[in-house]
Amino acid sequence: MRRFFVLILFTAATFVCGAQNAEFGRLTITPYIAPESGFDASASRLLQEKLAYAVSLANASGGFDKRFVITPKVDILQSTTTATIPQKVSLRAQFTFYVGDGVDGTLFSSCQKEVTGIGDTEKQAVLSAIRKINAKDKELQETITEGRERIEEYYKKMAPKIFAEARSLISSYKYEEAIAALAVIPRSCGDYEKAQEMMAECVSASVENANNELLVKARSAWSASPDEAGASEAAAYLADITNPSAKVTAAVNKLTAEMEARISDMAKRRLAVKKQRIISAENVRKEEIRATERVVGRIIDAYTPVYRVARWF
């Protein structure tokens, strides 16, 4: 059963993240253009694209964690105006690329690349220089790889703390937060499978909790109106139960038996139809995907880190 839940988690992750192709298990270095770097909007967009391609080449993209970043700065070493008509701005720029833990400000690796650019204005000349940056550059790729290795070390060191945090959240019934804590552990970490198992347990526990809440509502509806109307309302709640455990199934059977003893044959047939939805494999799968999609969507959207990279510059 756990494998089923893990499969659902992966399916939902791929579906929700769409363009980002985000999935569990991928170590991620996020391109980040710091406000302190001074790049304008056009330069920032172009650099984001360049760096996104660079980290994808290094197999360091496509996951959930936004903690680790690659961020650039530029120093204009020389800027001149050409004698041509129309005049152009020609410059020599030194770009420095930093990889590290953007949240606590720990720098892992860096490299410098010197390029030239020309344009009608200095901003256009900077864009020209950015276009010459090669995402496949050996030194840049080595810098990202070094950063990857440091990130893997981080997860190996921090895994026990992450698991302890997840267990605490699970014990407080905060299943979505627990999934968010566990989802960042990459496949290259030896504890990845353990994290996947814990996420599967979170989904299972979350479903069990939701099923128990539906049972309480069904019992309340029947207690308040122990007739066909009450049975119909209770059955509507029971029909929303998905992938019930043995305990939940026994409780459903007990309640439906109690209701069947008090209602007409036609009402019994309607109740049986709604009860059948509980054990429908197709219904279970759809409900689980929808539920997990919401969880993964929140994981992506909820966390906006504050980066402390200014000291690197």
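**A helix and its neighbours**

Modeller: Of the 313 residues in the protein chain, 46% are buried, where buried means under 20% relative accessible area, exposed over 50%, and partly exposed in between (1.4 Å probe, protein chains only). What you see is a predicted model, in which local features need pLDDT of at least 70, side-chain atom pairs count only at pLDDT 80 or more, and totals for chains, interfaces and linings use all residues. Residues are numbered from 1 along each chain as its sequence is written, and side-chain values use heavy atoms, with hydrogens and water left out.

First, some orientation. The protein chain has ten helices and four strands; helices (H or I, at least four residues) and strands (E, at least two) are DSSP runs, numbered from the N terminus. Along the sequence they come in the pattern α-β-α-β-β-β-α-α-α-α-α-α-α-α. Taking contacts in the protein chain with a separation of 6 or more, 71% are between residues 24 or more positions apart. A contact here means heavy atoms within 4.5 Å.

Axes are lines fitted to C-alpha atoms, for helices over the stretch in contact, and angles run from 0 to 180 degrees between N-to-C directions. The crossing of α2 past α4 is right-handed, a label used if the near helix is turned clockwise from the far one by less than a right angle, with anticlockwise being left-handed. On the α2 side, Ala54, Val55 and Leu57 make the contact, and on the α4 side, Leu140, Gln141 and Ile144. Sorted by class, this contact of α2 with α4 has five nonpolar residues, one polar and no charged ones. For those classes, Ala, Val, Leu, Ile, Met, Phe, Trp, Tyr, Cys and Pro count as nonpolar, Asp, Glu, Lys and Arg as charged, and the others, Gly among them, as polar.

Now look at helix α6, residues 192–224. Here α4 and α6 pack at about 10 degrees, with axes 11 Å apart, and are therefore roughly parallel to each other. Phe163, Ala166, Arg167 and Ile170 of α4 meet Lys194, Ala195, Met198 and Cys202 of α6. This contact of α4 with α6 has six nonpolar residues, no polar ones and two charged ones.

Next, the rings. The structure holds ten aromatic pairs: rings of Phe, Tyr and Trp (its six-membered ring) pair if their centres lie within 6.5 Å, and planes under 30 degrees apart count as stacked, over 60 as edge-to-face and the rest as tilted. Phe68 and Tyr154 are both buried. Ring pairs also join Phe68, Phe108, Tyr154 and Tyr155 into a cluster.

With 59% relative accessibility, Tyr173 counts as exposed.

Finally, go back to the partner helix. Leu47 belongs to α2 and, at 0% relative accessibility, counts as buried. Apart from neighbours within four places in sequence, Leu47 is in contact with Ile33, Phe39, Pro72, Ile130 and Ile133. The C-alpha atoms of Leu47 and Ile130 are 6.9 Å apart, although 83 residues separate them along the chain. Ile130 is also one of the buried residues of helix α3 (residues 122–131), and the buried residues of α3 pack against α2, β2, β3 and β4 (106–119). In the loop between α2 and β2 you will find Asn59, another residue other than glycine with a positive phi, near 55 degrees. Asn59 is partly exposed, with a relative accessible area of 41%.

Methods. Parallel < 35°, antiparallel > 145°, perpendicular 65-115°, else oblique.
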